[in-house]
Amino acid sequence: MTEEAELPPAPQEAREVFGERYQDAVRYAELLAEAGVQRGLIGPREVPRLWERHLLNCAVLSEVVPEGVTVCDVGSGAGLPGIPLALVRPDLKITLLEPLLRRTNFLSEVVELLGLDHVSVVRGRAEEVLGNLTPVHVVTARAVAPLDRLAAWGVPLLRPYGEMLALKGDTAEEEVKAAGAALSKLGAKEVSIVQVGHGIVDPLSTVVRVEVGESPGGVRFAAKRAKAARTGRARRRR
């Protein structure tokens with residue numbers, strides 16, 4: 001591994017955020033820096049900033065996730081934000097949803113190695129698991145797609161009155177404005193931008209929160225969800 005790709009020591013903030021799971025967070029960072037780079041899950045240039053830009057940036061999302069809920073991390077990739085969130089929130093039941101086999105293999109290895117019994121890995125796209133995956137309270141995502149497309153994938157996976165929490169960057173406000181009509185059609189009742197990680201990360205992590213009403217995804221997705229559920233039940237009876 002080249003010098004620019006060396007993993008730096010964990011900052012003091014990591015001990016504060018991860019607490020009892022600090023050593024597991026260190027092991028996860030090591031896995032990302034080694035196997036993650038070797039398998040092409042992250043670029044080698046990301047290794048020096050794994051803690052600040054990735055692990056801590058994702059872990060502080062826990063500040064806005066309600067207690068004891070179910071979570072689906074859409075397009076989980078190398079496990080961001082799902083794995084850091086799982087390390088700091090054992091009260092959550094988290095599904096890591098990822099379509100690529102090499103990534104789901106990595107995620108399964110990490111979950112087993114770190115003993116994350118409250119985390120499951122599912123291979124598939126959001127639109128493929130609709131109706132088969134039990135609707136969740138919270139959908140999370142990071143750097144997956146522009147907000148309108150991301151919402152089209154994630155919002156239909158929510159249970160009524162759930163919320164999607166999307167980690168975004170400087171373009172958050174622009175994306176919210178551009179996606180306004182699409183979000184409304186998907187059943188969004190409230191869209192807000194919150195910043196988390198005060199005293200932990202600089203710059204702060206920006207989260208777009210999309211809260212839905214009684215029909216997540218709108219009428220069209222309600223029908224699609226019901227059809228997929230009926231198909232799933234018919235298959236199980238065979």
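A nonpolar core here is a set of buried Ala, Val, Leu, Ile, Met, Phe, Trp, Tyr and Cys residues joined through side-chain atoms within 4.5 Å. Keep in mind that this is a predicted model.

Start by selecting Phe18, Tyr28, Ile83 and Phe106: in the largest nonpolar core, which has 50 residues, these four touch the most other members. Now color helix H1 (12-18), H2, helix H3 (50-59), H4, S2, H5 and strand S5 (158-168), each of which supplies at least two residues of this core. H2 gives the most, with 9 residues.

Next, zoom in on Phe106. Leaving out residues up to four places away in sequence, Phe106 touches Tyr28, Leu31, Leu32, Ala35, Gly36, Arg39, Leu41 and Ala78. Apart from this core lies another, of 27 residues, including Ala126, Leu147, Ala151 and Leu158.

Back to H5, residues 101-113. How far apart are its end C-alpha atoms? They are 18 Å apart, which agrees with the span of 18 Å that 13 residues should give at 1.5 Å a residue.

Select Thr104, Phe106, Leu107, Val110 and Val111, the buried residues of H5. Look down the axis of H5: these buried residues fall within an arc of 160 degrees, so they line one face of the helix. They pack against helix H2 (22-38), helix H4 (82-88), strand S2 (93-98) and strand S3 (119-123). Turn to the other side of H5 and you'll find Glu112 and Leu113 exposed.

Last stop: glycine 115, which follows H5 and has a positive phi, near 65 degrees.

Terms used:
Residues are numbered from 1 along each chain as its sequence is written. This is a predicted model: local features need pLDDT of at least 70, side-chain atom pairs count only at pLDDT 80 or more; totals for chains, interfaces and linings use all residues. Side-chain values use heavy atoms; hydrogens and water are left out. Helices (H or I, at least four residues) and strands (E, at least two) are DSSP runs, numbered from the N terminus. The expected span of a helix is 1.5 Å times one less than its number of residues. Buried means under 20% relative accessible area, exposed over 50%, partly exposed in between (1.4 Å probe, protein chains only). The arc is that of the directions from the helix axis to the C-beta atoms. Contact means heavy atoms within 4.5 Å.
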